[in-house]
Amino acid sequence: MKFLLIILDGAGDIGEETPLSKANKPNMDFLAKRGVTGLINIGYKKKADSDVGYLTLLGCYSEKEYPGRGYLEALGIGVEPEKDDVVIRGNFATLGEDGNIIDRRAGRDERGLDGLAEKLDGMEIDGVRFTAKRSAGHRIVIALRGNNLSDNIIPNDPQKVNVPLPQVGAKDPSAKFTASVLNKFVYKANKILVNEEINKEREFPANTVLIRNAGKRKTTLTFKERFGLKGCCVAGIPIAKGVARFLGMDVIEVPGATGLPVTNLSGKTDAVIKFLDNYDFIFLHINGTDTLSHSRKPEKKKEFIEKIDREIGRMLEKADLNETVFMVTCDHISASSPSFKGYEHLTDPVPVLISGDAIKPDNTKNFDEKSAEKGSLRIETTGLIPFVLKLASLG
Ligand code: ZN
Ligand code: ZN
């Protein structure tokens, strides 16, 4: 038996009619009709963070073993931090001449960022060595190696613009040294970045770095150790790849898979079809649904879901339900309506469908938020994979 887990990032939505309920998606509906649907309570407390969502859906989240987003992002771009390294996930940002933050993402302009990250790579401050590497979009990963480092820092990300750039702080005395070298790093980075040619051309120069989430390496049981399945991941964004690597899964690189609505979806489908022969379990991640929620484009989100559905149709032609269990879900709800106030990620339970010949169907006919509410499944936190394995073995 093979298992395919498709996580459509932030695909679930709120309101009477949603992109998922309005989309013409015969293949997802076919899977729902042939299988069971319901809701998963991911168990988010205050915030719905995607990486926690993926780890939970994959059956592997534990608060104690969670290494932090910076560490996972680093793994996603091929940086392999050592045991006591502190790993930061940051943003290139724009600082005005008055010392105020003008744009927290440097205008989301990706030009020249690889080169700018390289300029910051290899710095040494007070015996701490800095590795800097650009991640997706405006993001940068910074790894610190040295003695007495702590990830218990307070970010210098003000979360808003037209305010002065704060200092990195320490949550406890043990992090004071780390905060101090990070402040020196940000200061030096400013000095270097300001003079870079590319920044003279950019409307929003990438002339500073916001230090955001910090983390340290932790180990956890691999996916294979937990569930006995050899798994791989097909994804565009570093954080999804990082989660997979953290769990010991192979990452299949698909050229042109960007994590944006403009991505190589068919290339990802081809990878899934090809690698189902070599693996027991595939984690397919598609991010565009979330991106379109953040840009508040419900109609485009609906169209993107329709596009994904056609790809699922192609998978169904090759991966027989007789041998493959399909799971389709999302890591959190994302509100795409322009009238919604607040941050788009919501902590509500997410819709899920499980389908395969081994699974006895319930009464649902469609895959969307409302139908899932009427579906027979109620899964708590990390329960999806153990539940599916049990169903498949009984079927
Ligand atoms: Zn997400
Ligand atoms: Zn998001």
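In β13, which residue is the bridge partner of G231?

Modeller: In β13, G231 has F281 as its bridge partner. First, some ground rules. This is a predicted model, where local features need pLDDT of at least 70 and side-chain atom pairs count only at pLDDT 80 or more, while totals for chains, interfaces and linings use all residues. Residues are numbered from 1 along each chain as its sequence is written, chains are lettered from A and ligands numbered from 1 in the order in which they are written, and side-chain values use heavy atoms, with hydrogens and water left out.

Now the strand. G231 belongs to β11, which covers residues 231–234. Helices (H or I, at least four residues) and strands (E, at least two) are DSSP runs, numbered from the N terminus. β11 is covered on both faces. G231 and C233 are buried on one side, C232 and V234 on the other. Buried means under 20% relative accessible area, exposed means over 50%, and partly exposed lies in between (1.4 Å probe, protein chains only).

Next, the partners of β11. Strand β13 (residues 281–286) runs parallel to β11, and four bridges join them. Two strands pair if DSSP finds at least two bridges between them. Strand β12 (residues 250–252) is also parallel to β11, with three bridges. Here C233 has V251 as its bridge partner. To get from β11 to β12, the chain passes through helix α9 (residues 238–246), and this β-α-β crossover is right-handed. That term means that, with the strands pointing away from the viewer, the path from the first strand over the helix to the second runs clockwise.

A271 touches V234, I252 and V254, leaving out residues up to four places away in sequence. Contact means heavy atoms within 4.5 Å. A271 has its place in helix α10 (residues 265–275). A271 counts as buried because its relative accessibility is 7%.

β13 leads us to another strand. β1 (residues 2–8) is joined to β13 by six bridges, and the two run parallel. In β13, I282 stands opposite L4. β1 also pairs with β14 in the parallel sense, over six bridges. I6 has V328 in β14 as its bridge partner. β1 is mostly covered, with six of its seven residues buried.

H332 sits in the loop between β14 (324–329) and β15 (333–334). The zinc ion (ligand 1) is coordinated by H332 (NE2), together with D9 (OD), S50 (OG) and D331 (OD), at 2.0 to 2.1 Å. Donors are N, O and S atoms within 2.8 Å of the metal (3.2 Å for Na, K and Ca); water is not among the atoms, so sites may look incomplete. Why is this arrangement irregular? The four donor atoms around the zinc ion (ligand 1) subtend angles of 96 to 137°, so the arrangement counts as irregular. Four donors count as tetrahedral if all angles lie between 85 and 135 degrees; four count as square planar and six as octahedral if opposite donors are over 155 degrees apart and all others between 65 and 115; anything else is irregular.

S50 and H332 link distant parts of the chain: S50 is in helix α3 (residues 50–57), and the two are 282 residues apart. S50 counts as buried because its relative accessibility is 6%. H332 is buried too, with a relative accessible area of 0%.

A second site follows. The zinc ion (ligand 2) and the zinc ion (ligand 1) are 4.6 Å apart. D290 (OD), H294 (NE2) and H345 (NE2) coordinate the zinc ion (ligand 2) at 1.9 to 2.0 Å. Its donors follow the spacing D-x3-H-x50-H along the chain. D290 lies in helix α11 (residues 288–294) and H345 in strand β16 (residues 345–346), so the pair ties together parts 55 residues apart in sequence. D290 and H345 are buried.

One more helix brings us back to α9. α9 is among the elements that cover the buried residues of α4, and so is α3. Eight of the eight residues of helix α4 (residues 69–76) are buried, so α4 is largely enclosed by the rest of the structure.
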